[in-house]
Amino acid sequence: MAVHREKINLYKTIKKIFPKILIKDLNENERICPDCHGLGVKINTRVFGTGDSLESHPYRTEALALCPHCFNGVQKICKYCGQPYKGHCDCEGQLAEDLKIQEQKWKLYLKQKKLTKGM
Ligand SMILES: [Zn+2]
Ligand SMILES: [Zn+2]
């Protein structure tokens with residue numbers, strides 16, 4: 001396998017491709033991701049080689065990949081526990097809120113059921 005190593009100047013290349021400033025309009029419960037500093041990408045390293053041992057994998061391909069800790073460089077912060085979350089926070093505060101909403105929905109459902117029965 002004839003592998004040759006190329007080096008890409010990240011600073012120069014980024015300067016060529018991207019604008020100087022990224023704009024982020026954040027909601028109250030959002031913050032810039034501290035892991036990728038708002039870029040939304042991190043360096044992902046793929047190592048490869050010929051054998052099974054670590055020493056036989058001397059080659060690498062480094063690339064920019066999506067940051068696993070945020071969405072587009074922005075983290076949503078849970079208003080109950082103050083921690084960043086993706087999709088849905090599973091802390092106690094959020095759980096209590098979810099239960100409250102469920103209860104309200106259920107009450108509304110029962111109310112409507114009664115109403116239709118009465119007709
Ligand atoms: Zn990030
Ligand atoms: Zn939470």
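Let's start with the pairing of E2 and E3. Strand E2 covers residues 41-48, and it runs antiparallel to E3 over 8 bridges. One contact to look at: Lys-42 has Ala-65 in E3 as its bridge partner. Now, how many of the residues in E3 are buried? The count is 0 among its 8 residues, 59-66, so put simply, by the cut-off of 20 or more other C-beta atoms within 10 Å, the strand is hardly covered.

Keep in mind that this is a predicted model. How confident is the prediction? The protein chain has a mean pLDDT of 91. Of its residues, 97% reach 70 or more. Element by element, E1 has the highest mean, 97. Helix H2, residues 92-118, has the lowest, and that is still 91.

E4 spans residues 74-77, and its antiparallel pairing with E5 rests on 2 bridges.

Now two loop residues. First up is His-37. You will find His-37 in the loop between E1 and E2. It is not a glycine, yet its phi is positive, about 55°. Is His-37 buried or exposed? Exposed, because it has 11 other C-beta atoms within 10 Å, and the cut-off for exposed is 12 or fewer.

Then Asn-72. This one lies in the loop between E3 and E4. Why is Asn-72 called partly exposed? Because 15 other C-beta atoms lie within 10 Å of its own, which falls between the limits of 12 and 20.

Last, the domains. The protein chain is divided in two: domain 1 takes 1-77, and domain 2 takes 88-119. How far apart are the centres of domain 1 and domain 2? Taken over C-alpha atoms, 43 Å separate them.

Conventions
Residues numbered from 1 in each chain as written. Chains lettered and ligands numbered in written order. Predicted model: local features only at pLDDT ≥ 70, side-chain atom pairs only at ≥ 80, totals over all residues. Pairing = 2+ DSSP bridges. Helix = DSSP H or I, 4+ residues; strand = E, 2+ residues; numbered from the N terminus. pLDDT = per-residue confidence, 0-100. Domains from an automatic or database assignment.
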